[in-house]
Amino acid sequence: MAWRGSISKSMKELRILLCQSSPASAPTRTFVEKNYKDLKSLNPKLPILIRECSGVQPQMWARYDMGVERCVNLDGLTEPQILKALENLVKSGATKA
């Protein structure tokens, strides 16, 4: 998973939106609990924003150069699928660089 250390090279910001209590956001909450510390330590200057809002559908937003943003809906995804979605966002940003 060498791509984890290069997130800040392709992305300017990562935002994760989730609900604190809904079952739809449970895998996203687990993903944040297990991966945030590692991702932040590997990318200390990258803003990784966790936004909690009651009733919101879980989403992951990536902001790249020139204000380009991409969103991935995380509803129904498992934790490994969320990690794969993040990897795809990183790779997508790397191809634009």
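Is Arg 15 buried or exposed? Please set out its surroundings as well.

Reply: Arg 15 is buried, with a relative accessible area of 17%; buried means under 20% relative accessible area, exposed over 50%, and partly exposed in between (1.4 Å probe, protein chains only). This is a predicted model, in which local features need pLDDT of at least 70 and side-chain atom pairs count only at pLDDT 80 or more, while totals for chains, interfaces and linings use all residues. Residues are numbered from 1 along each chain as its sequence is written, and side-chain values use heavy atoms, with hydrogens and water left out.

Arg 15 belongs to strand 1, residues 13-18; helices (H or I, at least four residues) and strands (E, at least two) are DSSP runs, numbered from the N terminus.

Strand 1 has pairing partners, where two strands pair if DSSP finds at least two bridges between them. With strand 2 (residues 48-52) strand 1 pairs in the parallel sense over 5 bridges, and Leu 14 stands opposite Ile 48 there. With strand 3 the pairing is antiparallel, again over 5 bridges, and Ile 16 has Met 60 as its bridge partner. Strand 3 (residues 59-63) is in turn joined by 5 bridges to strand 4 (residues 69-73), the two running antiparallel; here Met 60 stands opposite Val 72. Strands 3 and 4 form a hairpin with 5 residues between them, and Met 66 in the turn has a positive phi of about 65°. Strand 1, helix 2 and strand 2 make a right-handed β-α-β unit (a crossover is right-handed if, with the strands pointing away from the viewer, the path from the first strand over the helix to the second runs clockwise).

Beyond its neighbours within four places in sequence, Arg 15 is in contact (heavy atoms within 4.5 Å) with Leu 49, Gln 59, Met 60, Trp 61 and Glu 69. The side chains of Arg 15 and Glu 13 are joined by a polar contact of 2.4 Å; such a contact is a pair of N or O atoms within 3.5 Å, where within protein one must be able to donate a hydrogen and the other to accept it, and residues adjacent in sequence count only if both atoms are side-chain atoms.

Side chains of opposite charge can pair when their charged atoms come close. Arg 15 and Glu 69 meet in a salt bridge at 3.3 Å, N to O, the term denoting a side-chain nitrogen of Lys or Arg within 4 Å of a carboxyl oxygen of Asp or Glu. Arg 15 lies in strand 1 and Glu 69 in strand 4, so this pair ties together parts that are 54 residues apart in sequence. Glu 69 is partly exposed, at a relative accessible area of 36%. Glu 13, Arg 15, Arg 63 and Glu 69 are linked in a network of salt bridges.

The structure holds 8 salt bridges. Among them is the pair of Arg 4 and Asp 38, whose closest N and O atoms are 2.3 Å apart.
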